[in-house]
Amino acid sequence: MTNRDMEDVVDTSDEWIVQRTGIRQRYLAGEDETTSSLGAAAALAALEKAGMTPDDIDMIICATSTPDNTFPATAVSIQNRLGMSHGFAFDVQAVCTGFVYAVTTADAYIRGGLAKRVLVIGAETFSRILDWNDRTTCVLFGDGAGAIVLEAAEGEGTTADRGVLTAHLRSDGSHKDKLFVDGGPSTTGTVGKLRMEGREVFKYAVGMITDVIQAAFDSTGTTSDDLDWLVPHQANRRIIDGSAKKLNIAPDKVVVTVDLHGNTSAASIPLALAVAAGDGRIKKGDLVMLEAMGGGFTWGAVLLRW
């Protein structure tokens with residue numbers, strides 16, 4: 001759905017949306033599509049890229065805020081769609097930071113010896129929780145899914161190792177009312193709709209994002225000069241540009257896909273990874289920073305060697 005298409009839905013304009021967010025289009029799930037169907041498709045694509053099959057996977061984590069059902073976990077539904085009856089699967093809910101939390105969780109399970117190969121998925125159908133009369137939010141979000149495979153491997157314990165090098169997660173529930181869904185099983189008994197105080201979110205975003213990125217640099221003794229790619233959560237082009245500038249990360253090192261997908265919450269980072277790895281920008285051995293901020297607030301960063 002392009003911005004021109006949005007003009008037929010709410011009182012907005014392509015110029016207004018692009019100027020404030022950088023978004024030019026977004027994708028909406030079809031009537032016969034769900035978060036699990038999108039997630040399963042992304043999972044199969046990731047497995048194909050990795051040269052693996054579902055039989056090689058012993059754990060699935062799905063980051064989502066728009067599950068198929070209150071329960072079971074969407075990850076279990078994806079597991080079933082993949083024809084798996086072995087291993088285990090569960091969801092992680094940290095809104096837009098969900099994929100960063102999920103990668104960190106998978107890394108911890110691998111380091112702890114509880115899993116060898118983990119399928120990490122970010123999948124969302126945010127169009128189902130949007131208020132299509134609220135022009136300040138409905139133009140921002142889209143649907144989608146992306147996935148990666150993490151595999152246990154021996155390293156030297158240096159920043160030259162491949163895989164997750166460090167992760168830094170944060171949350172602060174005092175900011176709940178700035179970005180939330182006004183429904184839930186234990187409160188209203190309804191799904192609810194997304195509500196956001198956009199200016200308030202923007203006010204905090206750059207500072208919180210740069211905090212965790214700098215923590216990742218400090219813990220590994222690396223700097224922005226060492227970084228090959230910053231793959232941020234794709235929420236707003238101004239937030240992405242502001243964070244990179246504050247950290248002295250060159251614009252040509254930043255992967256930006258917000259113009260293509262809009263804000264797909266937990267799916268945005270894996271979708272951006274798929275684009276940048278697919279077109280050859282991200283290569284084996286590259287130092288890559290993932291970062292995100294979402295409702296809660298939650299925020300976090302993962303530094304990894306591709």
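Modeller: Start with charge: Lys and Arg count as positive and Asp and Glu as negative, while His and the chain ends are not counted. On that count the protein, which is a predicted model, has 28 positive and 40 negative side chains. The centres of the two sets lie 4 Å apart.

Biologist: What makes the radius of gyration agree with a compact globule?

Modeller: The globule rule is 2.2 Å times the number of residues to the power 0.38. For 306 residues a compact globule would have a radius near 19 Å, and the protein has 18 Å, so the two agree. Along the principal axes, the C-alpha atoms fill a box of roughly 55 × 45 × 40 Å.

Biologist: What else describes the protein overall, in secondary structure, burial and contacts?

Modeller: There are nine helices and 10 strands. Of the 306 residues, 53% count as buried. Among contacts with a separation of 6 or more, 72% are between residues 24 or more positions apart. The accessible surface comes to about 13,800 Å², and carbon and sulfur atoms hold 48% of that.

Biologist: Why is Arg4 called exposed?

Modeller: Exposed means over 50% relative accessible area. Arg4 has 53%, so Arg4 counts as exposed. Arg4 is in helix α1, residues 3-6. The C-alpha atom of Arg4 is 5.9 Å from that of Asp14, which is 10 residues away along the chain.

Biologist: How do you know that Lys178 has no salt bridge?

Modeller: A salt bridge needs a side-chain nitrogen of Lys or Arg within 4 Å of a carboxyl oxygen of Asp or Glu. For Lys178, the nearest side chain of opposite charge is Glu200, at 4.4 Å.

Biologist: Where does Lys178 lie, and which residues does Lys178 touch?

Modeller: Lys178 is in the loop between β5 (163-171) and β6 (179-181). Leaving out residues up to four places away in sequence, Lys178 touches Arg195, Met196, Glu197, Glu200, Val201, Tyr204 and Phe297. Phe297 itself sits in the loop between β9 (287-294) and β10 (298-305). The peptide bond from Gly296 to Phe297 is cis, with omega near -10°.

Biologist: Which other peptide bond is cis, with omega near 5°?

Modeller: The bond from Phe71 to Pro72. Pro72 is in the loop between β1 and α4.

Biologist: Which residues of α4 are buried, and what do they pack against?

Modeller: In α4, residues 74-81, the buried residues are Thr74, Ala75, Ser77, Ile78 and Gln79. They pack against α3 (35-50), β1 (59-63), β2 (88-92) and β3 (117-125). After α4 comes Gly83, with a positive phi near 75°.

Biologist: Which residues have a positive phi although they are not glycine?

Modeller: Asn248, with phi of about 60°, and Ser265, with phi near 55°, are two of them. Asn248 lies in the loop between α7 (237-246) and α8 (258-261). Ser265 lies in the loop between α8 and α9 (268-278).

Methods: Residues numbered from 1 in each chain as written. Predicted model: local features only at pLDDT ≥ 70, side-chain atom pairs only at ≥ 80, totals over all residues. Heavy atoms only, no water. Helix = DSSP H or I, 4+ residues; strand = E, 2+ residues; numbered from the N terminus. Buried < 20%, exposed > 50% of the residue type's maximum accessible area, 1.4 Å probe, protein only. Contact = heavy atoms within 4.5 Å. Areas by Shrake-Rupley, 256 points an atom, 1.4 Å probe, with all protein chains shown as cover. Charge placed at Lys NZ, Arg CZ, Asp CG, Glu CD.
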